[in-house]
Amino acid sequence: MNLSPHYAILCFFLLSHLLFFGQQTGATYTKRVLESSEIDFLFSYYEQDGNNAAVTGGEGTEELTDATSTIVLRVPINENDVLTVDVGLSAYTSASSSNVNPLDGSNPNVTPFDASSGQSRQDLLAYINPSYQHSSPDRNTIWSINAYFSDEYDYTSIGFGGSYTRLFNEKNTEVSISTRVFLDRWDAIYPIELRPGFFDDRIVGNGSYDPSLNLFDNEDRNSYSLSLNFSQILGKRLQGALFADVVSQNGLLSTPFQRVYFGDVEDFFIDDFQLGDDVERLPDTRIKLPIGGRLNYFLNDIVVLRSYYRFYWDDWGIVSHTASLEAPVKLSDKFTIYPNYRFYTQTAADYFFEKEAALSTFEFYTSDYDLSNYEAHQYGMGIQYKDIFANAKVLSFGLKSIDLRFNQYDRSDGLNAFILTLGTTFVGN
């Protein structure tokens, strides 16, 4: 099943780890772009909980666990070209998504605050992301192409893209442009009680439960993005960067298995579980415009300050601000610790309604708290061991670095999560 309600949180955790990991361990040489093959192994464990599940109309358990394993292989083709293959598996267990069909479990009392034990409780996502990068002999021009494919129970994604980077001013100035296209497809799954032919003699309520569900006639979701980046070395200790993105989406942008409860419709229950009135309905187009910047200050040989800010706007009514600070501290030639903090705040989408606040006459509605008004704090600590000479050996590969990180995430709507990540880089002889 698609993990749209909270998968973005997990993706941010992993992206933050990979960005830091790449900054610390990436190798670029004058003679060759990549001297020898490198392989990264990354494992993460993610866990969250909360009481505002979108699957059950904004009220219910958000308990979820996810274990992800990733392998990234970088191979030098020649002095100027590098092939990278990134593959991964993500296995999750979700109490929230299990309630797509709360009736297929063994619980004697059906409630949105407990998980069903049926098949919708767990899923596996697999992906592959190959890319090819070419650098000019003077290393002032870099272009790359990439592809992407992922598959899970009810969602398939195909993507491709490319980038072009130009360095000026003795490599003190860098400008890049990149684009990506994702052509995705749902295999739409609806809440059990809204499917044609559903009947259960335990239903209680005034009158007859007879919802009229209009199935989505288009199950495609397409995303197109254009990114511009500018970075500049401002001095011996200061480096800055600016970025701007334009993202356009169209197709089925709603999640078919997320329930909505109306305020002008009678309530019906099986035990303590309220049956859905409809599923989430959102516009079939969306424009996203994030802009921001980074500023890194080398305080001394021991401490580096890395700051980040992003402003985001979209035509669904969301405006958000993100600010983060990371301060790697070099304890020795081989050990570095890096405390970090991130703050996030956003306004609610125009189509967000709490449970039973929307009316059946509305055109668009959702009770997904990812689209609500909230603040979030993320804080964590990491430690890295790095040996540029890769003296420790595993078979024919030398151990270049080990990176361990823990992050805690707390949201003002009650969602809490943590992630533990372990990454290693090995370099070939």
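Colleague: Which residue of β13 does Ile270 stand opposite?
Modeller: In this predicted model, strand β12 spans residues 268–270 and is joined to β13 by two bridges, the two strands running antiparallel. Within that pairing, the residue of β13 that stands opposite Ile270 is Phe273.

Colleague: In the open sheet of three strands, which strands stand at the edges?
Modeller: The order of this open sheet is β8-β12-β13, with antiparallel pairing. An edge strand here has a single partner strand, so one side of it is left without a neighbour in the sheet. The strands to which this applies are β8 (204–205) and β13 (273–274).

Colleague: Is Leu399 buried or exposed?
Modeller: Leu399 has its place in strand β23, which covers residues 397–411, and, leaving aside neighbours within four places in sequence, Leu399 is in contact with Asp387, Ala390, Ala392, Thr424, Thr425 and Phe426. The cut-off for a buried residue is under 20% relative accessible area. Because the relative accessibility of Leu399 is 14%, this residue counts as buried.

Colleague: How many bridges join β23 to β24?
Modeller: β23 and β24 form a hairpin with four residues between them, and Gly414 in the turn has a positive phi of about 100°. Across the pair, Gly398 has Val427 as its bridge partner in β24. The two strands run antiparallel, and the number of bridges that join them is 13.

Colleague: What is the bridge partner of Leu42 in β24?
Modeller: Besides its pairing with β23, strand β24 (residues 416–428) is joined by twelve bridges to strand β1 (residues 38–49), and these two strands run antiparallel. For Leu42, the bridge partner in β24 is Gly423.

Colleague: Which side chain does a polar contact of 3.1 Å join to that of Gln408?
Modeller: Gln408 is found in strand β23 and counts as buried because its relative accessibility is 19%, against a cut-off of under 20%. Leaving aside neighbours within four places in sequence, Gln408 is in contact with His377, Gln378, Tyr379, Asn416, Ala417 and Phe418. The polar contact of 3.1 Å, however, joins the side chain of Gln408 to that of Asp410.

Colleague: In the hairpin of β16 and β17, which residue takes a positive phi near 105°?
Modeller: Strand β16 (residues 304–314) and strand β17 (residues 319–326) pair in the antiparallel sense over eight bridges, and Phe311 stands opposite His321 in β17. Four residues lie between the strands of this hairpin, and the one that takes the positive phi near 105° is Gly317.

Colleague: How do the residues of the lining of the second largest pocket divide, and how many are charged?
Modeller: About 450 Å³ of space lies in the second largest pocket. Of the 29 residues that line this pocket, the closest to its centre are Ser212, Asn214, Asp278, Arg281 and Tyr365. The lining divides into 14 nonpolar and eight polar residues, and the number of charged residues is seven.

How values were computed:
Residues numbered from 1 in each chain as written. Predicted model: local features only at pLDDT ≥ 70, side-chain atom pairs only at ≥ 80, totals over all residues. Heavy atoms only, no water. Buried < 20%, exposed > 50% of the residue type's maximum accessible area, 1.4 Å probe, protein only. Contact = heavy atoms within 4.5 Å. 1 Å grid on protein atoms, 1.4 Å probe; cavity = no way out; pocket = protein on both sides within 12 Å on 5 of 7 lines; lining within 4 Å. Points joined across faces, edges and corners; volume = space filled by probe spheres on them. Nonpolar A, V, L, I, M, F, W, Y, C, P; charged D, E, K, R; others polar. Pairing = 2+ DSSP bridges. Polar contact = N/O pair within 3.5 Å; in protein donor to acceptor, adjacent residues only side chain to side chain.
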